[in-house]
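Take a look at the chain below.

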Amino acid sequence: MSGFQPQNKMGRKGKAVCALLLATSVFALSRPALLCAQETELRGEVAESTILDDQQYKIRQSSIAGTQAAQAAATANDNTPLPTYRPASQGALPDDGTGEATTTGGTFDPPAASGDPFPDNPAPPPRRRPSVTQRAANAANSEDETADSQKRKRTATAATATTDDTDTVDEQDTVNRRAVTVDSAERLRLDPGAERIEAIEGQNKKNEDDPFAATGIKLGSFVIRPTLEQGLTSSTNADSSSLGKPALLSETTLRFNAVSDWRENSATVEGYGIFRETLSGYDIHEAQGRVDGTLNIDLDNDLRAIAKLGYEAVPESASAPDAVVGAVGQPVRQTVNGSLAVEKDAGKMRFALTGAVEHDIFGDAKLSSGGSLAQKGRDSTLYTAILRTGYEISPAITPFTEIEIGRRAYDLRVDPNGFQRSSSRLGARAGVELDLREKLSGEFSVGWLREAIDDDRLPAISGATVNADLKWSPERETTIGLTAQTTAENTTNAGESGSMLYSGSLTGERQIRANLTGNAALGLEWRDYTGSDDHDLTLSAEAGLTWWLNRYTGLTTRARTEKLTSNLVGRDYTANSIFVGLKLQR
């Protein structure tokens, strides 16, 4: 017996150790909480509200356990049977004594294990509730993570998301949903080069104001816009004279405009050339043209300089007062003119001083006999100086006054008829300058002009003057123009001083369609001969259309009528013409 006691003692210790190991193993197998926790972490983020609900559930369970223990102790001393529970409705759960329905367990509690070898083990103590500071920090972190997740989700689905989808996402934010996976968080945005873009022809392009306007040719620092017009003219009076006859003419017109693209100063050059040749009928061979250049330079102290230079070559009109009677070719008058103006602004005052020179050169007239008649006695040079003063009432209205002095000097001091034709010039004008931008712009003035001839036998050429150059646009794509000019005309006819010529025109241009433009013009000329009651009246009207086939080619046509009536014998005439041609521009 004594030999087995130590063996029995060791047997009891071994049994105790084995029982402890077996209990530990069974307890570990019956508590898969760590495994659930691992799955929970793999599932992703957990909402703060869910954690708080679970903690409250554990606290209630601990309270219920204490209450049940007290009731069990009281029941052991009380043999009164407990009332049987009868649910109020089908599917209701037994009351847990707190007024709330008992659920099967907490959110994070594992399922109850069966065959627990330690059923009397007390329940683990509930987890400690975090402090207010920790809860606030956890809530802030949860909100930030939720906001980042929502932002990434909205960015990925912005192209197909709808308002209903957004509402659904907002409702799902309150439940424990799976967090954004690592792969979706690292998802890269689509390469912009791989995105589908709109076709080139479908892009929104700004419409041109005038899709048929000339684009121009770049030449150095200038942009040149040439225009060529070629067509046929049928006229009832080819040379617009009292002896004129019908003819069919080939008419070619070349025009150009060049504008600089300098940063500060500016320059423009423009000109035209007209060539008329008879195809059938009355023999006409005419060529005329003009070139003008303007240079604007900004100087210091609010000074501006404007320089102009021009040249013109045009045959004398057969209806002019100095026309050579019986000539088959009127003399060609060449004019060279230049001017220099300096402008100064001082507050609202406007000052301008302009000096100008104009020289006329007359060619020989061709006679029907085959000879020629020299017109050198008509060559002269006009020098003028004009002082202009204005006051700007507003940026749109500037009244002004002008004083002009000048001298006309003939190349021949005494003409072939024995008269001294040189003269002195004096004039004054008052007017207003308008600048309402594209609506109305230009100026208008009235005054008096007197040109006293050196020869006392000839009366001075004098009279009222009217000058105007206005542009009015009553509506878009419509322009109305009004021009008026007064000219003192000199003559070398024996015993005559000259005349005052008043000319004016009213023009209108309308862009009917983008590729269709219409224009019309009314003209009036009144010539008052000095020293007599003689006068000439010329009325004219013209209308035309231009239809652009494309930006560079168009068809053009115009009709014109002109009539001159005079109290002088042999000057009346009427001329009607129509032109049809092709117009090219670049």
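Asp455 has a relative accessibility of 9%. Buried means under 20%, so Asp455 counts as buried. This is a predicted model, and every value here is computed from it.

Where does Asp455 sit? Its place is the loop that links strand E15 (440-453) to strand E16 (461-472). What does Asp455 touch beyond its neighbours within four places in sequence? The contacts are Gly418, Phe419 and Gln420. Arg421 lies 34 residues from Asp455 in sequence. In space, the two C-alpha atoms are 6.7 Å apart.

A polar atom of the Asp455 side chain lies 3.3 Å from the backbone nitrogen of Gln420. The Asp455 side chain also makes a polar contact of 2.9 Å with the side chain of Arg457.

E15 and E16 run antiparallel, joined by 12 bridges. Within this pairing, Glu451 stands opposite Ile461 of E16. Strands of a sheet pair through backbone hydrogen bonds, either parallel or antiparallel.

Trp472 has Ile480 of E17 as its bridge partner. E16 and E17 form a hairpin, with five residues between the strands. In the turn, Glu477 has a positive phi of about 70 degrees.

E7 and strand E10 (residues 365-367) run antiparallel and share two bridges.

Step back to the whole protein chain. It holds six helices and 22 strands. Of its 586 residues, 25% count as buried, and Asp455 is among the buried residues. How is the accessible surface made up? It comes to about 38300 Å², and carbon and sulfur atoms account for 57% of it. Finally, consider the contacts between residues at least 6 apart in sequence. Of these, 55% join residues at least 24 apart.

Key:
Residues are numbered from 1 along each chain as its sequence is written. This is a predicted model: local features need pLDDT of at least 70, side-chain atom pairs count only at pLDDT 80 or more; totals for chains, interfaces and linings use all residues. Side-chain values use heavy atoms; hydrogens and water are left out. Two strands pair if DSSP finds at least two bridges between them. Helices (H or I, at least four residues) and strands (E, at least two) are DSSP runs, numbered from the N terminus. Buried means under 20% relative accessible area, exposed over 50%, partly exposed in between (1.4 Å probe, protein chains only). Contact means heavy atoms within 4.5 Å. A polar contact is a pair of N or O atoms within 3.5 Å; within protein, one must be able to donate a hydrogen and the other to accept it, and residues adjacent in sequence count only if both atoms are side-chain atoms. Accessible areas come from the Shrake-Rupley method with a 1.4 Å probe; for residues, only the protein chains shown count as cover.
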